[in-house]
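Biologist: Could you walk me through this one? I'd like to know what the terms stand on.

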Amino acid sequence: MATMCRMPVFPHLLQDRCVDTGLSLSLGRSVMAEPDYLEGDCEELIKPKKLLNPVKSSRNHQDLHRELMMNQKRGLAPQNKPELQKVLEKRKREQVLKAQREEQEAHTKRSDLEIELMKRQQKLEQLELDQQKDEEEQENTPEFVKMKSNLRRTKQEVNGEELTT
C-alpha cells in the first residue's frame, strides 16, 4: 500500500498529514473501508471511539442480563412466548380444528329425516327472531300509537259483539 502526505482541507489548523491512499478490497477482506490513518504515524489525529449505549450501561439492564444468563446456564430459561406468537398459534389451531370438523361433516352423509329436521329447526329459529324484532319495534313505538291501536281493537271487539247479538 502506498502512503503519501497530502495537504489537509484546513491548512492553517494542521500541518501535513500522512494518509493511506490504498483501499484493499480483495476476496478475503471485508467490504468496509480501512481508516485513512495509520496506527503510529499521526499522533495529532483524534481516533474515533465507540459510543456507549445508555440502555446497556444502565444498572437495571445489566442486572437483568446477568439474571437471564444465569437462568440460561441452569436451564431455567423462560418459556413464555410473546403474545403475538400465542395468538397466531391459537388461530392456526382453530383453523385446523375447523377444517377437521368440516371434513368430518362432509364424510357423514345426512339422511332425509335429518335434513327435514334441520329445515324445521331453521324455520322455528327464524320465527323466533321475527317475534323478537316485532316486540322490539312495539317497545320502541310512542305511547300514543299504542293507545290508538288499543282503541281500534276495543272498537272492533264491541262491533263484533253487536253483530253476534
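Modeller: Let's start with pLDDT, which is the predictor's confidence in each residue, from 0 to 100. Here the chain has a mean pLDDT of 77, and 73% of its residues reach 70 or more. Over residues 1-26, though, the pLDDT is below 50. Where pLDDT is low, the predicted coordinates should not be read in detail.

Biologist: What else should I keep in mind?

Modeller: This is a predicted model, where local features need pLDDT of at least 70 and side-chain atom pairs count only at 80 or more, while totals for chains, interfaces and linings use all residues. Residues are numbered from 1 along each chain as its sequence is written, and side-chain values use heavy atoms, leaving out hydrogens and water.

Biologist: What makes a stretch a helix or a strand, and what is the pattern along the chain?

Modeller: Both are DSSP runs, numbered from the N terminus: H or I over at least four residues for helices, E over at least two for strands. The chain follows β-β-α-α-α-α-α, which comes to five helices and two strands.

Biologist: Why is the pair Asp63 and Arg66 called a salt bridge?

Modeller: The term asks for a side-chain nitrogen of Lys or Arg within 4 Å of a carboxyl oxygen of Asp or Glu. For Asp63 and Arg66 the closest N and O atoms are 2.9 Å apart, so the pair qualifies. The structure holds one salt bridge. Both residues lie in helix 2, three residues apart, about one turn.

Biologist: Why is Asp63 called partly exposed?

Modeller: Buried means under 20% relative accessible area, exposed over 50%, partly exposed in between (1.4 Å probe, protein chains only). Asp63 has 31%, so it's partly exposed. Arg66, at 42%, is partly exposed too. Of the chain's 165 residues, 4% count as buried.

Definitions and conventions. Contact means heavy atoms within 4.5 Å.
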